[in-house]
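Let's take a walk through this structure together, one piece at a time.

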Amino acid sequence: MLFAAAAAFSFSAHAEEKGLGFSLDDVSAGTDIPKVEVSLGMRPFANDLIFVAGIKLGYYDDVGIKITPEPYGRKVLIDQAIPLLINKQIDMQALYPPDVIAAMDSVKNIRFIALTDLFQGFAVLAHPDTGAKTVNDFMGEGMSFEDAMKATMAQLKGKKFATAPNIDNRIFLDTAFKLGGMDMTEDTDLVITPDANAQQLASSGQVEFQSPTGAPFTAQLRGAGWIPLVTPIDILTFMPAGPGSPTAALVGTPGVAADADWAKENPETVLRFLSVMFRIIRDEKADPEHVLGSMLDYVNAFAGTSLDVEGLKVTIDSLSPLSDFTFQENYCDKTDSALYYRTAFDAAARFNIEKSVLPDVEYDADDVIWACDAYHDLVELKAASDELMKKVGGMELPGDKQALVDKAKAQYDNFNYLDAYRILSAAAE
């Protein structure tokens, strides 16, 4: 496996323990927010790059975090992302869980501390000049979903089909071609090339069908009239996707991964980082032009796209809708949901076992996904802060203590429940 050599050295005592290990009993004392540096990597995808908005808008400054390397973190090419974490050259990396799940037999030190969005940006796209029909078109003519998938994918038989070398969309493509009764490698003239190169091939008429791995490219193609023949939503709509269904692996929940040792040693920094993530998501939903406008130039320059704010809004809101604080319950608490983190993990693991990428042994979602553990830490801190807020609300406070309460409220309002709790604890003494 690609990362096996580096991963062989990635075992640690911390990595074998599950969860951040954070406890209310161990919250650091004091009312000042410590200043720390966090090295953060982002790939050239719009949903990865939302953290640039947090840097530009000063949200990280408000919780004492300086993102390095300055000014906007590290630009990470797709094939660099996992090795950088394996080799502990970076603290955090925006990443896609199925990529790590596929390598988890050898990669031992990577843990997802956040789930950021519900990625829906994959699609099999056809050039508008092909006049190709979508699976929904065929179903509208009276075909069953099964027959419509065969008719849809048959349009690619023997044709040039481009997709990127990274594996983000492989579960989707494998499912789509299998439902179509075809094999992607054998039944198409397959072109494996980065999304930006595929765009150039498409613009010169050399490729009629493609499946980008990056939502900005999907959005740009769809904006240019490319036809979405089939998407994960089409498959999830017409096939069961609950626990035990192989289609559950189509649920894409990108997030932020960290080195396990680093996360264990810096749980409070992790929780402050998450507070900024939830602040970005809330503000993007409330004022997308402001938030997305702050990151637009960076996205276009790094991803090689030419989106305007509206195009970036479509990319985020339609293809990578962000998962706010409340929506995290779908990942972490609703065990009967296809979005539940264990369900999606198990389906992705099973897919890789069936492809002989992973050995057929038992895997535990908590060996990779700590996002729900961190989310539940924030939920607990929020509840504890609520209790302290009630307590101080019934007290006659001197000016200095009231200033602390005001400071705590400002942090609380931006999801930094950790420092809200710390500061309120001091105010209530």
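Before anything else, one cut-off: a residue counts as buried when its relative accessible area is under 20%, and as exposed when that figure is over 50%. Also keep in mind that this is a predicted model.

With that in hand, go to helix α22, residues 417-427. Which of its residues are buried? They are Tyr417, Leu418, Asp419, Ala420, Tyr421, Arg422, Ile423, Leu424, Ala426 and Ala427. That makes 10 of the 11 residues in the helix, so α22 is largely enclosed by the rest of the structure. Asp419 and Arg422 are on the buried list along with residues such as Leu418 and Ile423. As for what does the covering, the elements over these buried residues include α15 (267-286), α20 and α21 (399-413).

A search of the whole structure turns up 1 of them, and it joins Cys332 to Cys372 with an S to S distance of 2.1 Å. In general, a disulfide is a covalent bond between the sulfur atoms of two cysteines. Cys332 sits in helix α18 (residues 328-332) and Cys372 in helix α20 (residues 371-393), so the link ties together parts that are 40 residues apart in sequence. Is this pair buried or exposed? Both Cys332 and Cys372 are buried. If you like to check handedness, the angle about the S-S bond is -85°, which is a left-handed link.

Strand β11 has paired neighbours to look at. Strand β4 (residues 92-95) pairs with β11 in the antiparallel sense over 4 bridges, and you can find Ala94 standing opposite Val256. Strand β5 (residues 110-115) also runs antiparallel to β11, joined by 5 bridges; in that pairing, Leu115 has Gly255 as its bridge partner.

Now for the empty space. Rolling a probe the size of a water molecule over the atoms shows where such space is left. Two elements give two or more residues to the lining, α6 (97-101) and α19 (341-354), with α19 providing the largest share at 4 residues. What sort of residues make up this lining? By class, there are 14 nonpolar, 2 polar and no charged ones.

Most residues other than glycine have a negative phi, and most peptide bonds are trans. In the loop between β2 (65-68) and β3 (74-75) you'll find Pro69, and the peptide bond from Thr68 to Pro69 is cis, with omega near -5°. Pro71 is found in the loop between β2 and β3 as well, and a cis bond joins Glu70 to Pro71, with omega about 5°.

Then there are positive phi values. Lys88, in the loop between α5 (81-86) and β4, has phi near 55° and is partly exposed, at 42% relative accessible area. Ser356 lies in the loop between α19 and α20; its phi is near 65°, and Ser356 is exposed, with a relative accessible area of 65%.

Terms used:
Residues numbered from 1 in each chain as written. Predicted model: local features only at pLDDT ≥ 70, side-chain atom pairs only at ≥ 80, totals over all residues. Heavy atoms only, no water. Pairing = 2+ DSSP bridges. Nonpolar A, V, L, I, M, F, W, Y, C, P; charged D, E, K, R; others polar. Disulfide = S-S within 2.5 Å. Buried < 20%, exposed > 50% of the residue type's maximum accessible area, 1.4 Å probe, protein only. Contact = heavy atoms within 4.5 Å.
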